[in-house]
Amino acid sequence: MRARRGLSHTHVGSLHAPDAELALRHARDLYTRRQEGVSIWVVPSGAITASSPDERDAFFDPAADKVYRHPTFYEVPDGVAHL
Amino acid sequence: MYGNDFAAVDAPDGGLLGQVEAAEAALRAAAARGRGGAVAAGADPESYFADVINADQKIEPRDWMPEAYRRTLIRQIAQHAHSEIVGMQPEGNWISRAPSLKRKAILLAKVQDEAGHGLYLYAAAETLGVSRDELVDLLLSGRQKYSSIFNYPTLTWADVGVVGWLVDGAAIVNQVPLCRCSYGPYARAMIRVCKEESFHQRQGYEILHTLAHGTPAQKAMAQDAVDRWWYPSLAMFGPPDGDSTHSAQSMAWKIKRFSNDELRQRFVDMCVQQAETLGLTLPDPGLRWNPERQAYDFTQPDYDELMRVISGDGPCNRQRMAHRRRAHAEGAWVREAAAAYAAKRARHEERVAA
């Protein structure tokens with residue numbers, strides 16, 4: 001669901017529907033009764049490929065030792081502007 | 001307003017809404033804080049689960065969880081979902097008889113919300129590995145329950161007001177702490193539900209306020225409805241703490257945050273002033289402020305009656321179940337037609353692609 005123009009879509013929930021068209025209509029009835037959105041995407045849950053919580057460590061570890069990717073890693077000499 | 005768990009909020013107009021927002025903020029804060037990190041992510045699943053719970057983080061569907069935690073949640077969320085769906089009946093009865101077009105439109109929107117709440121909750125239950133069809137079947141075959149309050153009849157238009165004020169009010173007091181439940185999908189569903197329930201409670205209160213300031217006959221009708229619903233509403237919080245079977249473990253797992261008696265007390269303290277503003281009397285001669293406890297003393301509801309209603313012997317149990325079964329059976333052709341149409345279109349698309 002895109003809540004307002006300019007924001008990215010975020011997941012709001014799940015529902016049952018026989019096909020995509022009805023899924024969209026049900027999503028409108030279920031998740032936008034109070035004007036919560038200006039755009040809806042529906043995706044069959046079977047079409048989602050997800051990372052597994054069991055492999056969380058191995059999967060995300062490679063990012064853990066790369067603190068130099070963050071700007072805060074670098075020391076900026078006193079008096080330097082626009083950096 | 002209700003103790004230190006909700007320190008940030010006692011806005012005069014939106015106490016409950018404020019609490020829901022505080023719960024939502026706490027959810028985001030806990031997520032940003034992360035686990036304490038005392039237990040490594042690679043540790044055995046049980047210690048990891050305990051660590052997540054201790055750090056007030058959320059358990060998510062694909063995380064390891066104890067079987068009993070899963071079963072408890074399925075039972076509780078399903079019962080909650082069933083209650084929303086069966087709860088449409090006592091109010092739905094009044095849609096065609098609402099006293100004005102405006103009130104009819106509002107009640108219609110409210111009953112539609114209840115259906116929506118049922119669906120949010122069924123979806124949350126499904127993340128625990130149980131199917132929607134199974135849950136519906138458990139309800140229709142009487143193996144899972146719904147809240148006993150919906151086995152009481154709505155005899156007059158004032159009952160619709162009282163259901164909003166007292167029944168939805170009690171439900172909110174019960175449900176606001178569930179916004180902080182340790183299971184992520186349930187907590188998130190409850191945040192949504194509670195925000196919408198707040199409209200329900202206010203619309204009920206407004207109905208009663210109008211009646212209570214109307215003709216003497218209207219005021220008498222409002223008082224009669226309050227008299228009939230007060231004790232059943234108190235019973236919604238379940239048996240007293242000493243007799244509550246699921247409480248201790250649910251508290252340890254942070255599914256439940258406060259005991260039945262604590263929540264009941266909170267509800268009574270809230271209602272007294274609201275009843276005064278209505279100019280209606282809560283039907284309890286024992287109701288009085290206790291300065292020592294800083295809370296109202298009140299008469300407990302009849303828990304034997306609660307047990308009778310739960311076990312199937314309330315005024316409307318049979319009617320509610322018969323109606324739900326009939327509605328399910330009579331809706332079968334719609335579900336079948338939608339599935340047949342979807343299958344036909346899928347076949348057509350295959351042919352076009354080939």
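**View 1. Salt bridges between chain B and chain A of the predicted model.** Six salt bridges are counted between chain B and chain A. A salt bridge here is a side-chain nitrogen of Lys or Arg within 4 Å of a carboxyl oxygen of Asp or Glu. One of them joins A:R34 to B:E196, with 3.3 Å between the closest N and O atoms. This is a predicted model: local features need pLDDT of at least 70, side-chain atom pairs count only at pLDDT 80 or more, and totals for chains, interfaces and linings use all residues. Residues are numbered from 1 along each chain as its sequence is written, chains are lettered from A and ligands numbered from 1 in the order in which they are written, and side-chain values use heavy atoms, with hydrogens and water left out.

**View 2. The side of chain B that touches chain A.** The rule finds 11 residue pairs in polar contact across the interface of chain B and chain A, both residues at pLDDT 80 or more. A polar contact is a pair of N or O atoms within 3.5 Å; within protein, one must be able to donate a hydrogen and the other to accept it, and residues adjacent in sequence count only if both atoms are side-chain atoms. In chain B, α5 (101-126), α8 (184-212) and α14 (332-353) each supply at least two residues of this side. Helices are DSSP runs (H or I, at least four residues), numbered from the N terminus. The most comes from α5(B), with eight residues. By type, the side of chain B divides into 10 nonpolar, four polar and eight charged residues. Ala, Val, Leu, Ile, Met, Phe, Trp, Tyr, Cys and Pro count as nonpolar, Asp, Glu, Lys and Arg as charged, and the others, Gly among them, as polar.

**View 3. Contact and buried area between the chains.** In contact (heavy atoms within 4.5 Å) are 22 residues of chain B and 17 residues of chain A. The area buried between the two chains is about 1,600 Å², and carbon and sulfur atoms give 46% of that. On the chain B side, B:R62, B:Y120 and B:R192 lose the most area, together 30% of what that side buries. Buried area is the accessible area (1.4 Å probe) that two parts lose on being put together, summed over both.

**View 4. B:E114 in helix α5 of chain B.** B:E114 lies in this helix. Its relative accessibility is 5%, so B:E114 counts as buried. Buried means under 20% relative accessible area, exposed over 50%, partly exposed in between (1.4 Å probe, protein chains only). Leaving aside neighbours within four places in sequence, B:E114 is in contact with B:E84, B:M88, B:E91, B:D168, B:E197 and B:H200. Its side chain makes a polar contact with that of B:H200 (3.3 Å).

**View 5. B:Q201 in helix α8 of chain B.** Helix α8 of chain B holds B:Q201. B:Q201 is buried, because its relative accessibility is 9%. Not counting residues up to four places away in sequence, B:Q201 touches B:L16, B:G164, B:W165, B:D168, B:G169, B:I172 and B:M270.

**View 6. Aromatic pairs.** The count over all chains is 13. Rings of Phe, Tyr and Trp (its six-membered ring) pair if their centres lie within 6.5 Å; planes under 30 degrees apart count as stacked, over 60 as edge-to-face and the rest as tilted. A:F73 and A:Y74 are edge-to-face, because their planes stand at 85 degrees, with ring centres 5.0 Å apart. B:F237 and B:F267 form a tilted pair, 5.4 Å centre to centre and 45 degrees between the planes.
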